[in-house]
Every structure is written in C-alpha cells, then in structure tokens.
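We will take a short walk from a helix to a sheet and then to one residue.

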Amino acid sequence: MTELELRQRCHTVLPGHRQPAPSATFAAMAAWCDANDVAHDTYGEGALIEQFENKIASLLGFEAAVFCITGTMTQVTALRLACQDRGSRLVALHPTSHILRHERGNHELLDHFKGLMIGDPHRPWTVDDLRAVPDHLGAAQVELPMREIGGQCPSWEDLSQIKQHCREHNIHLHMDGARLWEAQAGFGQSLPAICDGFDSVYVSLYKGIGGLGGAMLAGSRPFVERAREWFRRQGGNIVHRTPWVVAAAMQFDARLAAMPRYFARTQWLYALLRDFPAIAVNPASPQANMLHLHLPVSRERAIAIRNRVAADHGIWLFSRASHAALPGHSVVEWYVGDQLLELPDDSVRLALTLLDEAMRARD
C-alpha cells in the first residue's frame, strides 16, 4: 500500500486542511463561477483576475499585484529585477530559504542573481547579520514565517530594524510571504503594517488558502508591470488563469477569517504538548499556526510508527519526517488547519498518546 493510499484510508488526519476529491473541488468551482458570472481571462486580462490582483494589492498595502503560475518563478523574478535596480547581483538569503533549499540552483543556473547566505540556520536572521556583510547588496529576503525552522518569525523589533537598515542602505527588501496569512495572527499586526517597509511581497494562493496553485507578487506599479513582462518571457503567460484564481478567490475570505482560530488552536496544542515531554517543540512558543515536533526516534522509525498507527487506528499523525541533527532523532511538521481545528480535544490527545507510547515501546 502506498503512503497516499494509507492516508486516504484514515478517518482522522491531523495536519493541514481537508483535501476534497477533485470532483468536489471542481463542482464547487463551477457553482461559484455560475453564482458570480465568471468569464475566462485571456492571457491575464479579465474582470475576475484583475479584481483579485487589486484585492491582494490593497490588502497588503501596495499599489499593484500580479498573478504568477508558481512561487518559484515569482520570487527569482522579483529579486532579479531588484538587483537590476540596485546595481548589485548579490541577494542576502537565509540558509533555509526556499530558493536555496528547494529550487535546484535556478537563481544561478538561469542567471537571475547570486545568493549570499546570512544568519544562523536555526534562527531568523537579524539586522546584525546584514551589517556584517561588507559588500553592496542588491536585495535581501525575509521569509514570514520560516517554514524550515518550525514557523519562526523575527521579533517585531528585529523586523523593524531590518526594514530601516534596508531603507537606509538602498537594499531592496523582499518578503517570501508564502505563509504570510499565517504569520499575521502571531505578530498581532495588520497585513499592511507587516508589509510596510518591504519593497515587494510574494504570497501563495494554495498553501494556507487551499487553492489549486499560483501566487501573487505585490509592489509598486512599475515594478509589478516589469515582473509581469518577465513572467511572459519565462513561459508563464498561460492563456487562462481562471482555474487557479477561482480556486483561491472562492475561499479566500473564509480562509483569512479562520487564521486567528487556527492560531488559537495552535496555542491550545502547545499547552497539551506539555503533557508529552518526550516530544520537543520548535519554536518554544507559537508564532504561527505551524510547528515542528522533534521526536526521540530515527526518521525510519518515525515513519514506521506513523504507518502502524494509521493501519491499526485510522489516525494519520504526520506526513513528511526528516532526519534531525542528533542521531536517532527526527523532525515532523504540523500545520494547524481545518483538521486539527475541528478534531475533538480527546481525539488529539489520543493521537499524541499513541505516538508517545509507540516511541517508548521496544519492537
């Protein structure tokens, strides 16, 4: 049985949002299109996509926004243009940034810019890390929250200092806001306040929103229009963006409205995890509705435990497990979405108890 088949057999799934069948998703999209008299865009021109782009721009406090088919294309394009404007091809990136970890060298192989790693791999970088760079930087990227280190965010004071430094030193400050919607509750600030001081912001339309894919890039109108042209040059000018826009737009407001509840559930979860001291949590206190669980078992054993609990109890504990720095330890991620929000408290405790007991047992 494959991992997907095993998960689909479970009656309880802890991390993430519910995953409707494609037929259910497409039926909901069709009904929403009928109710809102939606017509296809043509190469990005049309009422629906233009209204949604303007909505995102206004929500974040920018002049304009543009849809892009992938976040990978969105971010390297934004940083390429930023480097052109600032006369330097150097971009400061955290060691765990998506560009460095998951994009297979595209920023250099496609000649976009040169990445310069700054900061500690286990902590958000600070203004002191920027000050330590003797070279002229074209841009710096901040990820809010930082997925690979458990959803950590810089403090509000640290973020403000980074914004000020970049402004004073003519460094384009770009946000990887793939999960910005999740970070807002932890900061306790409005989206325009968080985005103020950034020159450009990328947001995902599928991660927390639950769409089919796609992204938005927000910034000044001239910057966004240049990015739109570069998306075309890179093959991103698909004839109809309608499926991706509809899938996000039809649930966008409801997803944003639910973010404070996801964060409150995360706070509750942290309190519950204190009853399971064998499970270490990162970050130490919630900063977004995601977290990493550090388990005192190897990656292979963690996956075996997950599969056994799924087969015997119909409970899916987590998806990916990663090797940890310490031998015989592993790391798993929980995104607190609809699943954990709606699961009864006793069911969450049972799932953690099964995990805890399995880790303590000797096979």
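Two segments are in contact here when heavy atoms lie within 4.5 Å, and angles run from 0 to 180 degrees between N-to-C directions, with axes fitted to C-alpha atoms. Keep in mind that this is a predicted model.

**Stop one: the helix.** Select residues 252-273, which form helix α13. This helix lies across β9, β10 and β13 (330-335), and it runs at about 25° to β10.

**Stop two: the sheet.** Now show the strands under that selection. In what order do the 4 strands of the open sheet come? The order is β9-β10-β13-β12, and the pairing is antiparallel. At the edges are β9 and β12 (321-323), each of which pairs on one side only. From one strand to the next, the twist averages 30°.

Zoom in on β9 and β10, an antiparallel pair joined by 3 bridges. Select Asn-282 and look across: His-292 in β10 stands opposite.

**Stop four: the loop.** Next, pick Asn-289, in the loop between β9 (280-282) and β10 (290-295). Is Asn-289 buried or exposed? Its relative accessibility is 1%, so Asn-289 counts as buried, the cut-off being under 20%.

Finally, display what Asn-289 touches beyond four places away in sequence: Glu-182, Met-259, Tyr-262, Phe-263, Thr-266, Trp-334, Tyr-335 and Val-336.

Terms used: Residues numbered from 1 in each chain as written. Predicted model: local features only at pLDDT ≥ 70, side-chain atom pairs only at ≥ 80, totals over all residues. Heavy atoms only, no water. Helix = DSSP H or I, 4+ residues; strand = E, 2+ residues; numbered from the N terminus. Buried < 20%, exposed > 50% of the residue type's maximum accessible area, 1.4 Å probe, protein only. Pairing = 2+ DSSP bridges.
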